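Subject: Structure handover

Hello,

Here is the structure for you to take over. My notes on the helix contacts, the cores and the backbone follow below it.

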Amino acid sequence: MQASEFRAQPGTLYVVATPIGNLRDITLRALDILKSVDLVAAEDTRVTGGLLAAYGIAAKLFACHEHNERAAAAELVQRLREGRSVALVSDAGTPAISDPGALVVQAARAAALAVVPIPGASAVATALSAAGLATGGWRFHGFLPHKAGDRRRVLEDLAAVPDSLVFYESPHRLLDTVGDLATVLGGDRRLFIARELTKRFESFHDGLLGEAAEWLRGDDNRQRGEFVLVVSGRPEQADEAMREARRVLAILVEDLPASQAARLAARITGAKKNALYDLAQTLKAET
């Protein structure tokens, strides 16, 4: 382990985590890299320019966002092949996690170029550390679909997951998403709402999922900002219900197609049809 200054190496892509709000939440190693690379590939050059200016760093910026990422990846690979060093950053947090960057990393790896992660701030880890709901496993989903029907279908697939679930959400879809979470997953689960993490108006709320929408409507300020939602895992009684559904399904798939067996098992046990259909296909494959 070295405490000395870390300098960027030629032909290397550095995936650099940046603060999610408070500018002090940046690592010394990240600053070393941002100071020494030949190029900084940024989701929004204005945002990254502000961060660099706050630390007195003068760097050449290159735009790499969701609308140009494929073309940008090809250009960055060419720069790396020429021996340039590149830092990949998003507006906040770790690139390629619900942010642009994955295509750049894929392209660099496909070209057999060095990719070095520079860890740091993560909204997922920050929220989970304050929620106390990840005593077992947890699953990060990121942003749910914008359309209500698509969102509910995704949640139906996640309803059988025993682990805590983590989502990102924007203010204008927050109430709709919380309502769908309660409807599909059940209002008796716990919901931890982390708002504006590490920023001036950071706030947290821990309560029942079924009561969250009413709490949010109680004050418009509670609906402002950026959100991480942590939902507790499937209750134990749901585990028992799923075991019963599996038992019923195992009998039905012996004589019926997977789709029909799943539909009947859902009617009999009350379990989610989509989850049962996936299970039915697995059981069919095993027979």
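Please keep in mind that this is a predicted model.

In α3, the residues Glu69, Arg70, Ala73, Leu76, Val77 and Leu80 make contact with Ala102, Leu103, Val104, Ala107 and Ala108 of α4. Sorted by class, the residues of this contact are nine nonpolar, no polar and two charged. The two helices, α3 at residues 69-81 and α4 at residues 102-110, pack at an angle of about 40°, and their axes are 9 Å apart. The pair is therefore classed as oblique. The crossing of α3 over α4 is right-handed.

A second pair is α7 with α8. Their axes come within 8 Å and cross at roughly 160°. Because angles over 145 degrees count as roughly antiparallel, α7 is roughly antiparallel to α8. Here the crossing is left-handed. On the α7 side the contact is made by Leu174, Leu175, Val178, Leu181, Ala182 and Leu185, and on the α8 side by Leu209, Gly210, Ala212, Ala213, Leu216 and Arg217. Ten of the residues in this contact are nonpolar, one is polar and one is charged.

Next, the cores. The largest nonpolar core has 22 residues, and Phe167, Val178 and Leu229 are those with the most contacts inside it. At least two core residues come from each of α6 (148-158), β7 (164-169), α7 (174-185), β8 (190-195), α8 (209-217) and β10 (227-231). The greatest contribution is that of α7, with six residues.

Another core lies apart from the largest one; it has 18 residues, including Leu39, Ala41, Ala72 and Val104. Val104 is also one of the α4 residues that meet α3.

Two backbone positions may be worth a look. Most residues other than glycine have a negative phi. Ser98, which is not a glycine, has a positive phi of about 55°. Ser98 sits in the loop between β4 (86-89) and α4. Its relative accessibility is 34%, so Ser98 counts as partly exposed. Glu196 is also a residue other than glycine with a positive phi, near 55°. This residue belongs to the loop between β8 and β9 (203-208). Is Glu196 buried or exposed? At 15% relative accessibility, Glu196 counts as buried, because the cut-off for buried is under 20%.

Finally, some totals for the protein. There are eleven helices and ten strands. The C-alpha trace spans about 65 × 50 × 40 Å along its principal axes. Of the 287 residues, 44% count as buried.

Regards

Conventions. Residues numbered from 1 in each chain as written. Predicted model: local features only at pLDDT ≥ 70, side-chain atom pairs only at ≥ 80, totals over all residues. Heavy atoms only, no water. Axes fitted to C-alpha atoms, helices over the stretch in contact; angles between N-to-C directions. Helix = DSSP H or I, 4+ residues; strand = E, 2+ residues; numbered from the N terminus. Parallel < 35°, antiparallel > 145°, perpendicular 65-115°, else oblique. Left-handed = near helix turned anticlockwise from the far one by under 90°. Contact = heavy atoms within 4.5 Å. Nonpolar A, V, L, I, M, F, W, Y, C, P; charged D, E, K, R; others polar. Core = buried A, V, L, I, M, F, W, Y, C linked by side-chain atoms within 4.5 Å. Buried < 20%, exposed > 50% of the residue type's maximum accessible area, 1.4 Å probe, protein only.
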